[in-house]
Amino acid sequence: MKTRIAVFSDVHSNLTAFEAMYRDSLDQQIDEYWFIGDLLMPGPSVKEIWEIFQKINPAVIVRGNWDDLVVRGARGKMDLDKPSHIYFARLAQYIAGLAPAGMVDTLASWPLHTTKRVGPLNFGISHNLPDLNMGQDLFPTQVTENFDRLFDVDTDRPVDVAIYAHVHHQLLRYGHDERIILNPGAVGEPFNRWKTLQSDLRAHYMILEVDDHGLSEISYRHVAYDRDTESARADVAGFPYADLYKKMMKTGLAYTHDDDILTQFNDKYGYAQEYREFADKLL
């Protein structure tokens, strides 16, 4: 018996990319979907993303670091100590104003790590490390010892294959004992420091086929979509940092931790004060 699984992550509110990935998956005879975290922000779409996500109805869901930022920010609990914190806070405020009932609480309920048995294999699934959904310990060029930590989980059966996301790179590598480690890449914003590889900005996801013997297929999908369409959606959404998001659509680069450019936006539009007023109303 074969099971075909579409594994996706890091949508980051890029509706046009998400639509393209979903349409492509419908042609791939998928049996179930696994979502590996980071559904929303910094893009403009909220309800439409949530509707597609509900339609997909993933059999596996884990919580990413941006999912945590949405929850904290929407609940008025974000500190404003850094330009990036103001960025996260103001975007989460925007999402809070559009979120369908119960969505934020649902995101908060997602686990950091889960295991899933398919055929003879036990999969360990987390956005980053099993107990930490942020940081750069699992950037693709890190040492193997870091990746071995993906298998250090308390389960009835050892993890055979570890899947994580977070770093926006598609990946297949091995731990020291040759167990498999996979990453589906990013639907909303793939990343690579090598310029010619970075130019491939299609929506990335992964298909696994598991049969009675194990993994019979690992397929890394790159799905084209119209980034101008996504920029046009940003134009009409009236959301924070729209110009910065449109710049991302052209360059493929994220500006999440660019303090200089974020400070320019934060000061120009008074985003910190807007968030303070929002948070005060929630008290």
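Reader: Start with helix α2. Which of its residues are buried?

Author: In α2, residues 47-56, the buried ones are Ile-49, Trp-50, Ile-52, Phe-53 and Ile-56. Buried means under 20% relative accessible area, exposed means over 50%, and partly exposed lies in between, using a 1.4 Å probe and protein chains only. Helices (H or I, at least four residues) and strands (E, at least two) are DSSP runs, numbered from the N terminus. This is a predicted model, where local features need pLDDT of at least 70, side-chain atom pairs count only at pLDDT 80 or more, and totals for chains, interfaces and linings use all residues. Residues are numbered from 1 along each chain as its sequence is written, and side-chain values use heavy atoms, with hydrogens and water left out.

Reader: Why do the buried residues of α2 line one face?

Author: Looking down the axis of α2, they fall within an arc of 165 degrees, so they line one face of the helix. The arc is taken from the directions from the helix axis to the C-beta atoms. As a general point, an α-helix has 3.6 residues a turn, so residues three or four places apart point the same way.

Reader: What do those buried residues pack against?

Author: They pack against β1, α1 (15-26), β2 (32-35), β3 (60-61) and α5 (103-109). Contact here means heavy atoms within 4.5 Å.

Reader: And which exposed residues sit on the face turned away?

Author: Glu-51 and Lys-55. Just after α2, Asn-57 takes a positive phi of about 55 degrees.

Reader: Is Met-41 buried or exposed?

Author: Buried, with a relative accessible area of 1%. Glu-178 also has a positive phi, near 75 degrees. Glu-178 sits in the loop between β7 and β8 (180-184) and is exposed, at 62% relative accessibility.

Reader: Switching to charges. How many salt bridges are there?

Author: The count comes to 16. A salt bridge is a side-chain nitrogen of Lys or Arg within 4 Å of a carboxyl oxygen of Asp or Glu. One of them joins Arg-4 and Glu-209, with the closest N and O atoms 3.0 Å apart.

Reader: Which parts does the Arg-4 and Glu-209 pair tie together?

Author: Arg-4 lies in strand β1 (residues 3-8) and Glu-209 in strand β9 (residues 203-211), so the pair ties together parts that are 205 residues apart in sequence. Arg-4 is buried at 13% relative accessible area. Glu-209 is buried at 10%. Lys-2, Arg-4, Glu-209 and Glu-217 are linked in a network of salt bridges.

Reader: Give me another bridge. What about Asp-160?

Author: Asp-160 bridges to Arg-157, with the closest N and O atoms 2.6 Å apart. Asp-160 is partly exposed at 24% relative accessibility, and Arg-157 is partly exposed at 28%.

Reader: Now rings. How many aromatic pairs?

Author: A search of the whole structure finds 21. Rings of Phe, Tyr and Trp (its six-membered ring) pair if their centres lie within 6.5 Å; planes under 30 degrees apart count as stacked, over 60 as edge-to-face and the rest as tilted. Phe-147 and Tyr-164 have ring centres 6.0 Å apart and planes at 65 degrees, so the pair is edge-to-face.

Reader: Are Phe-147 and Tyr-164 buried or exposed?

Author: Phe-147 is buried, with a relative accessible area of 0%. Tyr-164 is buried too, at 0%. A stacked pair is Tyr-269 with Tyr-271, at 5.4 Å centre to centre and 20 degrees between the planes.

Reader: What sits over the ring of Phe-147?

Author: The charged end of Arg-173, 3.9 Å from the ring centre. A charge sits over a ring if NZ of Lys or CZ of Arg is within 6 Å of the ring centre and within 35 degrees of the ring normal.
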